[in-house]
Amino acid sequence: MAKKATRNASIELLRILMMLQIIFLHVSDYGDFSDIATQMKGRVELTYWVIWLMCRCPVYLFIIIMGYYLSETRTDFNYNRLLKCYLPMYFYSVMIPVIYGLFRPGEVTKEQYIKAFMPFLSRTWYFMTLYLLVLILSPFLNKMMRNLSRNEFLSLILICFFIFSIWQPLSMLEPFEGIIGTKKILSTQGGKSLYDFVYMYILGAYMRRYHIFKSHEAEDKENIWNKPLIYLVGFLLLGLVNVIIVYKYPDEGIESVIGYNDNPLVVLQCTCLFRFFEKLDISRWEKACKVITYISAGNLGIYMIHEHPLIRSLIWDEIFTIDNVAFYSQKWYLVKIILIILSIYAACWIIDWLRRLPFIIYNRYHSAG
C-alpha cells in the first residue's frame with residue numbers, strides 16, 4: 001500500500017506565495033494595472049509585464065499540488081474531503097450576502113440571495129466549482145493512473161500538452177487561426193476549464209510518482225536535477241522569454257495568448273516552480289514550518305472572501321481606488337501594491353481564522369484529552 005503523503009512545508013510555502021500572486025493578478029484586473037501600464041509605456045509597462053508574467057502559475061499550481069497529494073490515496077470516495085471543501089464554500093456564499101445586506105440594505109438583489117444557496121451550480125467562484133469537480137473525479141483518475149506504466153503516463157502528459165498547450169493556443173494566433181481550429185472541439189477559456197484542471201491534476205500525479213526525470217526511489221542529491229536552484233533559474237528564464245515574446249510581437253495578438261494559463265511556457269514554469277519548492281528543504285526550521293503550515297490552511301478562505309463579487313467590488317471600488325494613472329505614476333507605487341496585497345491577505349486570513357476557530361479549539365481539546 002502507498003504511504004500516506006505527508007505535508008511538505010516548502011509546498012505549503014508555495015501555496016502562500018501563489019495566493020499572494022492571485023491577489024496581485026486581481027490588482028492587475030480590478031486595479032487596472034494591466035490597462036494603465038500599457039497606456040503609460042516605458043518603465044511602468046516593462047515592470048508590469050515582468051511581474052505579471054512571473055505570476056501566471058497560481059491557479060495551475062494549486063491543482064498540481066492537489067494531484068501531487070491526492071493521487072496516492074486509495075480511498076474510492078472521500079465524502080469528508082468533499083465536505084471539508086464544500087462547507088466553507090457554502091458558508092461564505094451564504095454569509096457574505098447576508099452580512100452585506102444587513103449593513104447595506106437594498107444593495108443585495110433577490111437573485112444574489114438565491115444564488116448564494118447554490119454556490120457550486122451558480123459559479124460564485126469558478127475556481128472552487130472546478131476544484132470540487134476535480135475532487136469528485138479524483139478517485140476515478142487515481143485508479144486509472146495507477147494502472148499506467150511510466151511510459152504510458154508520460155505519453156498521456158505529452159498528449160495533453162499538445163492538445164491544450166500547443167494546438168489550443170496556436171489556433172488563436174495568426175497565421176494559424178483559420179488554418180487550424182478548436183471550435184466545437186474544446187474551449188479552455190484561457191486555461192480555466194475542467195479540461196485544464198484535470199490536465200494539471202494528472203501532471204501533479206506524475207510528479208508525485210516520478211519527479212519528472214527519475215523515479216523518487218533513486219534519490220541522488222548530487223544529480224543536477226535534484227538541485228532546487230536549477231528549477232528556479234528555469235522558471236525565471238521561461239518568464240523572461242514570455243516578456244521578450246510580448247515585446248517582439250506587439251501587434252500579433254500574442255499578448256492575450258501569452259497570458260493564458262495553458263500557454264506552453266507557463267505550464268513549464270509551473271513545473272519548474274513546483275519542483276523548486278518540492279526540493280527546497282526547510283525542515284530544519286521546525287517552528288517556521290509550523291507557522292507556514294498554519295498560515296497556508298487559510299488560503300482557500302482568503303480566495304473565497306476577497307473574490308466574492310460583493311467583497312470584490314467593495315475592495316476595488318471603495319477601499320483601494322487605484323484604477324487611475326495618478327496612482328501608478330507615484331515613485332513608490334510598487335511598495336503600495338505590495339502593502340495592499342499583504343493587507344488583503346492578512347484581513348481575509350483573520351476572517352477565515354475566526355470561522356475555523358471553533359474547530360481549532362475543538363480539535364485541540366480532543367487531542368489533549
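1. A contact here means that heavy atoms lie within 4.5 Å. By that criterion, among contacts in the chain between residues at least 6 apart in sequence, 79% join residues at least 24 apart. The model is a predicted one.

2. On secondary structure, the chain has 18 helices and 0 strands. Its radius of gyration is 21 Å, close to the 21 Å that the globule rule gives for 369 residues, so the chain is as compact as a globular protein of that length. The C-alpha trace spans about 65 × 60 × 45 Å along its principal axes.

3. On burial and surface, 48% of the 369 residues in the chain are buried. The accessible surface of the chain is about 19,400 Å², and carbon and sulfur atoms account for 66% of that area.

4. On charge, there are 37 positive and 29 negative side chains in the chain. The centres of these two sets are 8 Å apart.

5. One residue can be followed in detail. Threonine 47 sits in helix α3, which covers residues 42-53. Is threonine 47 buried or exposed? Its relative accessibility is 19%, and buried means under 20%, so threonine 47 counts as buried.

6. The surroundings of threonine 47 are as follows. A polar atom of the threonine 47 side chain lies 2.8 Å from the backbone oxygen of arginine 43. With neighbours within four places in sequence left aside, threonine 47 is in contact with Tyr333 and Leu334.

Key: Residues are numbered from 1 along each chain as its sequence is written. This is a predicted model: local features need pLDDT of at least 70, side-chain atom pairs count only at pLDDT 80 or more; totals for chains, interfaces and linings use all residues. Side-chain values use heavy atoms; hydrogens and water are left out. Helices (H or I, at least four residues) and strands (E, at least two) are DSSP runs, numbered from the N terminus. The radius of gyration is taken over C-alpha atoms; the globule rule is 2.2 Å times the number of residues to the power 0.38. Buried means under 20% relative accessible area, exposed over 50%, partly exposed in between (1.4 Å probe, protein chains only). Accessible areas come from the Shrake-Rupley method with a 1.4 Å probe; for residues, only the protein chains shown count as cover. Lys and Arg count as positive and Asp and Glu as negative; His and the chain ends are not counted. The place of a charge is taken as NZ of Lys, CZ of Arg, CG of Asp or CD of Glu. A polar contact is a pair of N or O atoms within 3.5 Å; within protein, one must be able to donate a hydrogen and the other to accept it, and residues adjacent in sequence count only if both atoms are side-chain atoms.
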